[in-house]
Amino acid sequence: MSTTPDAAPRSAAAAGDDNALVAERRDKLAAIRARGVAFPNDFKPKDRAGELARRHGHLDNAALEPQAVAVSVAGRLMLKRVMGKASFATLQDATGRIQLRVAIDAVGDEAYAQFKQLDLGDILGAEGTLFKTRTGELTVQVARLRLLTKSLRPLPDKFHGLADAEQKYRQRYVDLITDEAARARFVARSKALSSIRRFMVEHGFIEVETPMLHPIPGGANARPFVTHHNALDQQMFLRIAPELYLKRLVVGGFERVFEINRSFRNEGISVRHNPEFTMLEFYAAYWDHRDLMDFTEEVLRHAAREAAGSAKLTYAGREVDLDARFARMTVKEAIVSHGGVSHAEAGSVDALRARLTALGADVPAHWKLPELQFGLFEEVVEEQLWNPTFIVDYPVEVSPLARASDRDPSVAERFELFITGREFANGFSELNDAEDQAARFRAQAANKEAGDEEAMYYDADFIRALEIGMPPTGGCGIGIDRVVMLLTDAPSIRDVLLFPALRNE
């Protein structure tokens, strides 16, 4: 039987109206307290709505009711239709919804009167038997009904949920109750993470955990969050990347390692950026950047098939095919294909400098050709790369931890993966020459002294580890939040973070 709410929608209710509703519910709770235990914790549901639907939803009532299938369910009251001597309600648990039929001749006068006093949002436990209504809806004929948790605040209009986007992020607990699509996004996120972990282990990687608090921030060019450890009386930093610790483990003989965890960057907030975010980073001895690109393709395809059911996706109304082999092009090829410059211009310092200046970009005087090409790529090309595309041959100057190419020492054996105009992954053949790495750290430290807040620190212990000897190694980082955005067609990173960073109310 279809059901309707027991009260008019409240999405536009004034604050005073909501306060009155809360006061009314508090009065009900006071009466419940007076009768005994207000928040019992001895009800143990034996069944879940989704599983009951899978096991019995295909049966008609003629086959189902004679079986007298006894069930015990618990969940939140989402809909209620009070009638004469028999009423209907809908409970929602983590797996779905199921209808209840509450009849006075089955539960008794007192319990039926208490049922009529229930509010949407209350959490109930119900026991009874299954049957199908005339409209074919799987329903519990309730024999016993208990209030387990009294909801003191009204839920939003069931048809629209939380309409204000910021309110959805601030009150994710309400968003998850009222928006099935929101719940589905976070289920997909969990499936994606679980599938990636299995895939990594199946390919010989071991999962590790490295520190979140670093004495020296490293592994990326970014502004760190700074804190202070009282007992050690020293400055500490929330990690901006786990890279340098993971490579220490490769030095120690763990030839394939990965970590899925949070990193933190004290930078802007946007639809693509959150101060804390989840990364998959993995390192494999005796791999180079080409091996990493092949493997990264497979990781993303596998995650899509497991979490979204297919590697052929739709994002913002456009197709994204992860089944097809990902395109690969150099920075120079990309600016020629998408940046509106000729091959000759792409090889000209003067032409590129003039083009960037005309675009209003900051063009440092010391930039050479590779940096100018990269600058134009960032300005005009990146956002155009809709289909999965690996960009390779990055300038060494912007790749301080990557191995320089033997064929062209001005570029690094590095790639970034772009999909839907966004960076999804960054990987490279790791620099394992301790003397070269030390020189690059010194150059980064000089940049920091000159005012570059994102430049890296000199990490003496990491240099010492490289001096012990790290085998040829490839490493890659994949932004999990952006992957989930793609898999769930979410327009903002906040839609795939349970509790995104927000300014204080």
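Start your tour at Asp489, which sits in the segment after helix 17 (helices, H or I of at least four residues, and strands, E of at least two, are DSSP runs numbered from the N terminus). Before going on, note that this is a predicted model, where local features need pLDDT of at least 70, side-chain atom pairs count only at pLDDT 80 or more, and totals for chains, interfaces and linings use all residues. Residues are numbered from 1 along each chain as its sequence is written, and side-chain values use heavy atoms, with hydrogens and water left out.

**Stop 1**

With Asp489 selected, look at the backbone: phi is near 55 degrees, a positive value in a residue other than glycine. Asp489 counts as partly exposed because its relative accessibility is 38% (buried is under 20% relative accessible area, exposed over 50%, partly exposed in between, with a 1.4 Å probe and protein chains only). Now step back to residues 480–488, helix 17, where nine of nine residues are buried. Among them are Ile480, Asp481, Arg482 and Met485.

**Stop 2: the largest core**

Next, select Leu280, Phe282, Leu322 and Ile478. These have the most contacts inside the largest nonpolar core, which has 46 residues. A nonpolar core here is a set of buried Ala, Val, Leu, Ile, Met, Phe, Trp, Tyr and Cys residues joined through side-chain atoms within 4.5 Å. Which helix gives the most to this core? Helix 10, residues 289–308, does, with eight residues.

Zoom in on Leu280. Leaving aside residues up to four places away in sequence, Leu280 touches Ile196, Phe258, Glu259, Ile260, Val299, Cys476, Gly477, Ile478 and Ile480 (contact means heavy atoms within 4.5 Å). For a second, separate core, of 24 residues, pick out Leu59, Ala89, Leu100 and Leu120, which it includes.

**Stop 3: helix 8 against helix 10**

Select helix 8, residues 180–202, together with helix 10: their axes come within 8 Å and cross at roughly 135 degrees. Axes are lines fitted to C-alpha atoms, for helices over the stretch in contact, and angles run from 0 to 180 degrees between N-to-C directions. The two helices are therefore oblique to each other; angles under 35 degrees count as roughly parallel, over 145 as roughly antiparallel, 65 to 115 as roughly perpendicular and the rest as oblique. This crossing is right-handed, the near helix being turned clockwise from the far one by less than a right angle (anticlockwise for left-handed). Contact residues include Ala188, Ile196 and Phe199 of helix 8, and Phe295, Val299 and His302 of helix 10.

**Stop 4: helix 11, helix 14 and Gln373**

Move on to helix 11 (residues 331–338) and helix 14 (residues 369–381), which pack at an angle of about 40 degrees with axes 9 Å apart. Their crossing is left-handed. On the helix 11 side, Val331, Lys332, Ala334, Ile335 and His338 make the contact, meeting Gln373, Phe374, Leu376, Phe377, Val380 and Val381 in helix 14.

Is Gln373 buried or exposed? At 11% relative accessibility, Gln373 counts as buried. Its contacts, not counting residues up to four places away in sequence, are Val331, Lys332, Ile335, Ala346, Gly347 and Leu352.

**Stop 5: Asp233**

Finish in the loop between strand 8 (226–229) and strand 9 (234–238), where you will find Asp233. Asp233 is not a glycine, yet has a positive phi of about 50 degrees. With 59% relative accessibility, Asp233 counts as exposed.
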